[in-house]
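Here's a quick tour of one protein model, spot by spot. Keep the picture open and follow along.

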Amino acid sequence: MDVRAPDTTVKATAPVIAFDKITLAFGAKTIISDLSLEIGRGEIVCVIGPSGCGKTTALRVAGGLIPPTKGTVRLLGEPMAGPRRDVAIVFQDYAKALLPWRTAAGNISLALEAAGVAQSERGDRIRDLLAKVGLAGHEDKYPTEMSGGMQQRIQIARCLAQDPAVLLMDEPFGALDAMTRQGLQDEMLAIVAETGATVFFVTHDLEEAVYLGDRVIGLLPHPGRIGIDQRIDLPRPRNQLETRETPEFLRLRRTLFDFIEKAEH
Ligand SMILES: Nc1ncnc2c1ncn2[C@@H]1O[C@H](COP(=O)(O)OP(=O)(O)OP(=O)(O)O)[C@@H](O)[C@H]1O
């Protein structure tokens, strides 16, 4: 069989992201060692681990921002050769991610301009995207006129403008207060349910990992490698109060807490 021939049956079940024996070294220092991981279509995989274990580095490798020293990352079966428009990255630092001299609409427009969307279509697309992240009517605000949560929503809207198959999120809600964080978690889950995007989500917050994830991967440090691959079978849609109070949520949180404690010692 010609493996390059389009085969929808294979595509539907093939992993969207596949790390195949990834090793990443900076100079003589090995940061990630022999990491293999497959993420299926529409799956939300949260990545936890002690500080410095290589979570952000793994995300950057998945995004084609750093080539691995050994091994291959595949996106829908194709080796990643560099950043791609269908892989969007949301960073924690929204203030640095947005251009201060562009309005909310102007910042979102950047992604549409890069994708070659005609100017006549951009206005409608921007209005739809702003509505999707709960910011209808805010197109003319500048980043400095918006709260942290609003700025992060703009960054997410700009990523969604790329129509991404994959969202790589690096502690996107880490700098926000607890209430804003919970609101954005639910908005993200709704967007992912609607778009079917596959999500690789790095976080320090174990409860956030359990609340959002279909799976939680825990990395061990020195060098970074998988120490736990925990399936999260909590029903969806999840609820900030009810889900977090279930015995299964508390059991999973405890499992991850024990993992981190051991990983740090
Ligand atoms: N460009 C680089 N050059 C050299 N070393 C680097 C580079 N980027 C990261 N590192 C090192 O790689 C290791 C892993 O960093 P990384 O940011 O991936 O960890 P992390 O698990 O995301 O940490 P944190 O939880 O603190 O954000 C750290 O020791 C870091 O100092």
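Leu76 sits in the loop between strand 4 (70-75) and strand 5 (78-79); helices (H or I, at least four residues) and strands (E, at least two) are DSSP runs, numbered from the N terminus. Residues are numbered from 1 along each chain as its sequence is written. This is a predicted model, where local features need pLDDT of at least 70 and side-chain atom pairs count only at pLDDT 80 or more, while totals for chains, interfaces and linings use all residues.

- Most residues other than glycine have a negative phi, and most peptide bonds are trans.
- Leu76 has a positive phi, near 45°, and isn't a glycine.
- Leu76 counts as partly exposed because it has 15 C-beta neighbours inside 10 Å. The scale goes like this: buried means 20 or more other C-beta atoms within 10 Å of a residue's own, exposed means 12 or fewer, and partly exposed is in between, with C-beta atoms placed from the backbone.
- Asp163 has a positive phi too, near 50°, and you'll find Asp163 in the loop between helix 6 and strand 7 (166-170).
- The peptide bond from His222 to Pro223 is cis, with omega near -5°, and Pro223 lies in the loop between strand 9 (215-220) and strand 10 (225-231).
- Another cis bond runs from Arg236 to Pro237, with omega near 0°.

**Around the ligand**

- Which residues surround the ligand? They are Phe26, Ile31, Gly49, Ser51, Gly52, Cys53, Gly54, Lys55, Thr56 and Thr57, where near means a C-beta atom, placed from the backbone, within 6 Å.
- Helix 2 (residues 55-62) gives the largest share of that shell, three residues.
- Helix 2 itself is mostly covered, with six of its eight residues buried.
- Just after helix 2, Gly64 takes a positive phi of about 75°.

**A buried valine**

- Val199 belongs to strand 8 (residues 198-202), and Val199 counts as buried because it has 25 C-beta neighbours inside 10 Å.
- Setting aside neighbours within four places in sequence, Val199 is in contact with Ile44, Val45, Leu167, Met169 and Val192; contact means C-beta atoms, placed from the backbone, within 7 Å.

**Two helices side by side**

- The axes of helix 4 (residues 104-114) and helix 6 (residues 148-160) come within 7 Å and cross at roughly 30°. Axes are lines fitted to C-alpha atoms, for helices over the stretch in contact, and angles run from 0 to 180 degrees between N-to-C directions.
- The contact is made by Ala104, Asn107, Ile108, Leu110 and Ala111 of helix 4 with Ile154, Ala157 and Arg158 of helix 6.

Definitions and conventions. Two residues are in contact if their C-beta atoms, placed from the backbone, lie within 7 Å.
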